[in-house]
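Here are some notes to read alongside the model, in the order I'd go through it myself. Keep the viewer open and follow along.

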Amino acid sequence: MGGIDWGDAPTWVAGAFAAVAAYYARGTMKSQQKQIEEQRHFIAEQSLNLALERAQLSAAAEDRKWEQARQISMKAWIQGGRFDRATGQTEGPRVWSAEVLNGSPVAIWAIHLCFVPADQDAAGPGLEANPEGRFRHSLAASEKEYLFSAPAPLAVLERNRPVLHFRDDGGVEWALNEYGKLTEKSGDCQCPAAQV
Ligand SMILES: [Zn+2]
């Protein structure tokens with residue numbers, strides 16, 4: 001009798017089962033790999049979204065931080081002295097004057113002038129702010145104030161440039177120079193006007 005050798009049937013059946021199992025196992029593995037791949041892609045996309053969200057949030061926070069300080073303005077000029085008709089010159093000590101305007105809707109704090117050397121070569125003696133008007137504890141919304149330096153010869157004033165220091169409503173310390181450049185201050189204030 002030809003045909004199937006039934007004596008070997010169990011082996012054959014086992015082999016067939018093994019083949020089918022392997023086939024399905026491969027299928028399962030493939031679909032699992034696909035799932036893992038999809039998950040990986042999803043996670044990558046999510047972390048990208050989170051990073052973008054974080055960047056947007058910190059940009060918005062940075063904007064908010066600068067918002068009030070940008071509404072503070074200062075105009076500074078040298079004034080005083082005595083005009084001498086004979087020479088046509090203004091003589092004697094003069095002062096730096098600064099008009100400070102709080103254009104923001106809330107108060108600012110610890111308002112004072114500091115003087116920084118115009119350049120490193122011309123550092124010269126430091127200039128102190130006028131004791132009478134050197135420090136304002138607070139400046140209300142829309143309030144204006146005038147701050148002065150101590151009197152000094154013109155050459156000294158020209159070497160020492162005024163910088164306005166103040167603290168905003170959020171507690172951040174700022175420096176605003178006579179050209180309108182605003183920078184966040186780092187560290188404690190070392191200027192004489194702040195030591196009162
Ligand atoms: Zn200061």
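1. Start with the β6 and β7 pair. This is a predicted model, and in it strand β6 (residues 160–167) runs antiparallel to β7, with 5 bridges holding the pairing. One of the contacts to look up is Leu164, whose bridge partner in β7 is Leu176. The hairpin that these two strands make has 5 residues between them, and there Gly171 takes a positive phi near 90 degrees.

2. Now stay on β7 and look at its two sides. Strand β7 covers residues 173–177, and Trp174 and Leu176 sit on its covered face. Glu173, Ala175 and Asn177 are on the uncovered one. As background, side chains in a regular strand alternate between the two faces of the sheet.

3. Trp174, from the covered face of β7, has Glu184 of β8 as its bridge partner. The β7 and β8 hairpin has 4 residues between the strands, and Gly180 in that hairpin has a positive phi near 90 degrees.

4. Strand β1 (residues 72–84) and strand β2 (residues 89–102) pair in the antiparallel sense over 12 bridges. Asp84 has Gln89 as its bridge partner in β2. There are 4 residues between the two strands, and Gly88 in the turn has a positive phi of about 70 degrees.

5. Most residues other than glycine have a negative phi. Ala110 belongs to strand β3 (residues 108–117), and it counts as partly exposed because 16 other C-beta atoms lie within 10 Å. Ser142 is not a glycine either, yet its phi is positive, at about 65 degrees. You'll find Ser142 in the loop between β4 and β5, and it is exposed, with 10 other C-beta atoms within 10 Å.

6. Is Ser149 buried or exposed? Ser149 is buried, because it has 27 C-beta neighbours inside 10 Å, and the cut-off for that is 20 or more. This serine is in the loop between β5 (144–148) and α2 (154–159). Leaving out residues up to four places away in sequence, Ser149 touches several others, including Val95, Trp96, Leu113, Phe115 and Leu157. Pro162 is also one of the residues it touches. Ser149 and Pro162 are 13 residues apart in sequence, and their C-alpha atoms are 8.3 Å apart in space.

7. Zoom out to the whole chain. The protein has 2 helices and 8 strands, and from the N terminus the elements run α-β-β-β-β-β-α-β-β-β. The radius of gyration is 38 Å, well over the 16 Å that the globule rule gives for 196 residues, so the protein is more spread out than a compact globule. Along its principal axes the C-alpha trace spans about 145 × 40 × 30 Å.

8. Domain 1 takes in 6–66 and domain 2 takes in 70–194. Their C-alpha centres lie 64 Å apart. Across the protein, buried residues make up 18% of the 196 residues. Of the contacts with a separation of 6 or more, 64% come from residues 24 or more positions apart.

9. Last, how confident is the predictor? The average pLDDT for the protein is 87, and 92% of the residues score at least 70. Confidence is lowest in helix α1 (residues 9–69), with a mean of 88, and highest in β8, at 96.

Key:
Residues numbered from 1 in each chain as written. Predicted model: local features only at pLDDT ≥ 70, side-chain atom pairs only at ≥ 80, totals over all residues. Buried ≥ 20, exposed ≤ 12 C-beta atoms within 10 Å, placed from the backbone. Pairing = 2+ DSSP bridges. Domains from an automatic or database assignment. pLDDT = per-residue confidence, 0-100. Rg over C-alpha atoms; globule rule 2.2 N^0.38 Å. Contact = placed C-beta atoms within 7 Å.
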